Amino acid sequence: MDAFSSFFSSANLQWVLAGSLLLGFASGVIGSFVLLKRQSLISDAMAHAALPGVCIIYILFQVKSVPFLLAGAAVTSLIATQSIQTIVNKSRIKTDAAIGIIISVFFGLGIVLLTYIQQNSSGNQAGLDSFIFGQAASLVRSDVQLIAIGALVLIILTALFFKEFKISIFDPQFAKGIGLPVTFFNGVLLFLVVAVVVIGIQMVGVVLIAALLITPPISARYWTDRLGWMTILAGIFGAIAGVSGAVLSTAFNNLPTGPVIVLSASLIFFISLFLGSKKGLIIKGVKHA
Amino acid sequence: MYALSVKDISVTYDKQLALEDVSFAVPEGSITGIIGPNGAGKSTLIKSILQLLPTLSGNVEVFHKPIKSQKKIIGYVPQRSEVDWDFPTNALDVVLMGRYNHIGLFKRANKKEVTWAKTCLEKVGMQDYATRQISQLSGGQQQRVFLARAMAQDAKVYFMDEPFAGVDASTEKAIIQLMKEWKAEGKTVLVVHHDLQTVNDYFDHVLLLNKSPIAYGETQTVFTLDNLEQAYGGKIAFLQKAPATVKEST
């Protein structure tokens with residue numbers, strides 16, 4: 001248990017814990033709305049599309065200032081989302097195919113740029129490859145602070161817009177009919193998704209952060225029929241996954257954080273699938289028997 | 001006083017005209033049925049009046065003011081099939097949505113709003129189902145929840161899109177009763193409808209529509225075989241049967 005004891009003596013510990021906890025909670029809460037809006041896959045495209053943004057900023061400015069890199073991530077994420085919409089609106093290509101195209105194009109571009117950076121930069125070029133699978137151990141204090149505070153802001157924003165998101169996802173026609181600005185609310189939700197992806201990619205990585213948006217809400221849905229409880233439960237599940245991923249990956253050197261987070265989120269999912277009190281397989285079996 | 005006046009609405013859908021130059025004006029305190037064959041643009045008309053769809057041209061006034069400024073006095077019952085009934089929410093929550101533009105941004109529903117929503121559920125006979133997950137309601141019960149939500153809006157002009165589709169007989173009666181109550185309170189109701197047999201009983205005004213308006217006015221003068229033939233075109237067999245029963249009942 002040497003690894004554990006050295007981890008817990010780390011000065012960064014509190015911030016890493018707070019960061020992974022809040023990031024997990026924010027992803028679960030925001031992901032609940034994304035799931036109900038049937039946009040889970042679009043969030044995956046947004047995440048993958050963040051990689052070229054990070055690389056482009058690094059190539060252009062040769063800096064490893066995290067806020068700069070993340071701004072680049074946000075821009076390419078939004079371009080990807082917009083491209084999916086445009087493809088669906090202007091061609092006969094269906095949404096799933098459009099998402100598939102955009103994920104592979106942007107991620108492919110990201111990998112090419114990353115390889116270019118690794119071959120052409122001098123010395124250790126900042127470990128940009130940790131953006132792929134995430135590495136909690138490599139985060140410095142300011143990174144984790146950015147994650148923690150950012151996630152907290154996103155959670156508060158989501159709580160503020162709870163009622164508005166609810167009606168514009170459940171019944172957008174009715175909401176528009178009574179004069180609510182549904183398009184604006186959709187824009188706010190989109191902003192929240194991009195924001196949580198962007199602040200989370202250092203810890204979880206672009207490949208797997210969508211799983212942190214998708215899996216906790218699906219698990220939560222097995223336990224409740226109320227949206228409020230679903231978002232809170234999804235937040236808690238996400239927080240558990242985030243903290244366990246951060247702790248385990250830091251304790252056992254070189255274990256990437258993203259995959260560990262996803263594995264623990266998946267464990268929660270399987271437990272919910274069987275034991276869930278509203279839609280779990282066992283309770284359903286009992287009801288049908 | 002006209003509760004609603006629609007001027008020259010045209011809508012294209014996939015580059016084809018779905019509605020062409022639709023104009024009509026609905027007097028306050030009337031119940032108007034919007035009747036026409038499948039694909040005549042009945043739902044499209046309601047949606048473009050409510051600005052849920054982009055229109056090519058036209059303008060809509062409610063009590064002689066642009067509809068945009070009148071959304072608080074407009075009630076809407078969309079087609080039941082248009083929402084996800086597996087959404088994690090219960091009947092009371094859905095009814096409360098009728099109050100959202102009164103409650104205001106970022107605020108939660110207060111006790112008064114909740115009590116009001118419960119009263120609306122009671123009026124449609126659904127008080128025992130307030131906390132029931134909406135997917136566990138029958139089609140008729142879901143429609144009643146939508147009605148209660150419309151009632152909760154406390155609007156002056158109501159738009160209902162095929163409210164009778166897939167509901168049981170007692171729910172159909174409840175809807176009619178509610179429409180008549182609204183009328184008695186001076187409210188104006190527009191209903192997209194496709195059952196020709198019941199037109200004479202349900203509506204005092206009729207808009208016959210097939211992409212453009214065929215006829216509009218009081219049911220007795222407008223709901224005639226000639227007009228129906230014009231609206232429905234070739235579907236004669238079905239047509240001759242329907243107005244025949246209409247005549248019997250008058």
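View 1. Helix 1 (residues 42–49) of chain B lies across strand 1, strand 2 and strand 4 of chain B, running at about 65° to strand 2 of chain B. This is a predicted model, in which local features need pLDDT of at least 70 and side-chain atom pairs count only at pLDDT 80 or more, while totals for chains, interfaces and linings use all residues. Residues are numbered from 1 along each chain as its sequence is written, chains are lettered from A and ligands numbered from 1 in the order in which they are written, and side-chain values use heavy atoms, with hydrogens and water left out. Helices (H or I, at least four residues) and strands (E, at least two) are DSSP runs, numbered from the N terminus. Contact means heavy atoms within 4.5 Å. Axes are lines fitted to C-alpha atoms, for helices over the stretch in contact, and angles run from 0 to 180 degrees between N-to-C directions.

**View 2. The open sheet of 4 strands in chain B.** The strand order is 2-1-4-5, with antiparallel pairing; two strands pair if DSSP finds at least two bridges between them. Strand 2 and strand 5 (65–66) of chain B are the edge strands, each pairing on one side only. Strand 1 (residues 2–13) of chain B is joined to strand 2 (residues 16–27) of chain B by 8 bridges, and to strand 4 (residues 57–62) of chain B by 5 bridges. B:Val6 has B:Phe24 as its bridge partner in strand 2 of chain B and stands opposite B:Val60 in strand 4 of chain B. The hairpin of strands 1 and 2 of chain B has 2 residues between the strands, and B:Asp14 there takes a positive phi near 50°.

**View 3. The mixed sheet of chain B.** In this open sheet, 6 strands follow the order 6-7-8-3-9-10, and the pairing is mixed. Strand 6 (74–77) and strand 10 (212–218) of chain B each have a single partner strand, so one side of each is left without a neighbour in the sheet. From one strand to the next the twist averages 15°. Strand 9 (residues 205–210) of chain B runs antiparallel to strand 10 of chain B, with 6 bridges between them; B:Leu208 has B:Ala215 of strand 10 as its bridge partner.

View 4. Helix 5 (residues 139–153) of chain B touches strand 6 and strand 7 (157–161) of chain B, and its direction makes about 175° with that of strand 6 of chain B. Helix 6 (residues 169–184) of chain B lies across strand 3 (31–35), strand 7 and strand 8 (188–192) of chain B, at about 160° to strand 7 of chain B.

**View 5. The interface of chain A and chain B.** Here 25 residues of chain A are in contact with 31 residues of chain B. The buried area is about 2700 Å², of which carbon and sulfur atoms give 63%; buried area is the accessible area (1.4 Å probe) that two parts lose on being put together, summed over both. In chain A, A:Lys163, A:Phe170 and A:Phe174 lose the most area to chain B, together 29% of what that side buries.

**View 6. A salt bridge between the chains.** B:Asp86 forms a salt bridge with A:Lys279, with the closest N and O atoms 3.2 Å apart. The rule (a side-chain nitrogen of Lys or Arg within 4 Å of a carboxyl oxygen of Asp or Glu) finds 6 salt bridges across the interface of chain A and chain B. Helix 9 (162–170), helix 10 (172–177) and helix 13 (227–251) of chain A each supply at least two residues of the side of chain A that touches chain B. The largest share of that side, 6 residues, comes from helix 9 of chain A.
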